[in-house]
Amino acid sequence: INPYELASRLSYFLWSSMPDEQLFQLAEQGSLRKPEVLAAQVQRMLKSEKASALVENFGGQWLELRKLESAKPDRQRFAEFDEYLGRSMREETERFFASIIREDRSILDFIDGNYTFLNERLAKFYKIPGVTGPEFRKVTLAPETHRGGILTQASILTVSSYATRTSPVLRGKWILDNILNAPPPPAPPGVPNLEDNKAGPSATLRQQLEAHRTNPTCAACHARMDPLGFGLENFNAIGGWRTLDAGQP
């Protein structure tokens with residue numbers, strides 16, 4: 001690609017906007033391709049306020065945060081969920097993403113970072129004391145919070161659940177798709193829904209999926225997805241910590 005195309009790709013990826021005067025000048029001079037110049041421009045652009053577009057647009061697509069806008073958890077089962085909590089969930093993840101970019105932190109923080117960004121509403125939902133007021137601030141996570149990285153953030157746990165319950169299948173697929181880049185194939189036609197299984201109405205979700213996997217057609221894909229999703233089953237469909245499912249541990 002020519003220098004002007006490089007400037008445009010860089011700018012629309014990081015800023016979701018056209019190149020600024022400095023990028024155009026470097027493209028005209030033919031120096032934007034030089035590794036040291038390109039690296040310096042990336043650093044400059046990431047420090048700009050315009051880089052918030054990378055978090056909102058790239059992050060919104062990659063982490064599927066845009067789904068929070070249409071998420072409608074069942075109010076009878078999850079009475080604590082409201083629009084303000086949903087907005088707080090998204091802002092936590094966006095601020096976490098932005099901090100990794102702007103502070104040039106390890107990408108592994110997405111998996112096990114021991115900090116996050118909370119306001120009082122979200123901190124109360126997580127049962128983390130000492131956070132007051134509507135402003136977001138960085139909070140170090142103790143082991144007893146059961147939180148760390150993005151996989152335990154309520155935004156991710158909500159967009160990978162159904163309105164009425166968790167789904168180890170959806171959560172496992174989310175991890176395969178968005179973290180491991182190893183998406184499973186689509187379900188074959190004619191496979192019954194989980195609700196049609198024979199495990200019984202009082203069965204836990206784990207028991208229901210065990211019954212579902214007795215179908216050999218289902219077993220291969222579920223063997224990859226389900227263990228990942230079950231690793232998050234201590235979190236309910238909006239990301240709250242729990243120790244029981246269907247009255248059982």
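User: What does buried mean here, and which residues of helix α9 are buried?
Analyst: A residue counts as buried when its relative accessible area is under 20%, and the values come from a predicted model. By that cut-off 8 of the 11 residues of helix α9, which spans residues 168-178, are buried, so the helix is largely enclosed by the rest of the structure. The buried residues of α9 are P168, V169, R171, G172, W174, I175, L176 and N178.

User: With which residues is W174 in contact, leaving aside its neighbours within four places in sequence?
Analyst: W174 is one of the buried residues of α9, and it is also among the residues that touch the most other members of the largest nonpolar core. Leaving aside neighbours within four places in sequence, W174 is in contact with L63, E64, I150, L151, I156, V159, S160 and I179.

User: Is helix α1 roughly parallel or roughly antiparallel to helix α3?
Analyst: Helix α1 (residues 3-14) and helix α3 (residues 35-47) pack with their axes 11 Å apart, at an angle of about 30°. Because angles under 35 degrees count as such, α1 is, relative to α3, roughly parallel.

User: Which residues of α3 make the contact with α1?
Analyst: The two helices meet in a right-handed crossing, and the residues of their contact divide into 7 nonpolar, 1 polar and no charged. From α1 come L6, L10, S11 and L14, and from α3 come L38, V42, M45 and L46.

How values were computed
Residues are numbered from 1 along each chain as its sequence is written. This is a predicted model: local features need pLDDT of at least 70, side-chain atom pairs count only at pLDDT 80 or more; totals for chains, interfaces and linings use all residues. Side-chain values use heavy atoms; hydrogens and water are left out. Axes are lines fitted to C-alpha atoms, for helices over the stretch in contact, and angles run from 0 to 180 degrees between N-to-C directions. Helices (H or I, at least four residues) and strands (E, at least two) are DSSP runs, numbered from the N terminus. Angles under 35 degrees count as roughly parallel, over 145 as roughly antiparallel, 65 to 115 as roughly perpendicular and the rest as oblique. A crossing is left-handed if the near helix is turned anticlockwise from the far one by less than a right angle, and right-handed if clockwise. Contact means heavy atoms within 4.5 Å. Ala, Val, Leu, Ile, Met, Phe, Trp, Tyr, Cys and Pro count as nonpolar, Asp, Glu, Lys and Arg as charged, and the others, Gly among them, as polar. A nonpolar core is a set of buried Ala, Val, Leu, Ile, Met, Phe, Trp, Tyr and Cys residues joined through side-chain atoms within 4.5 Å. Buried means under 20% relative accessible area, exposed over 50%, partly exposed in between (1.4 Å probe, protein chains only).
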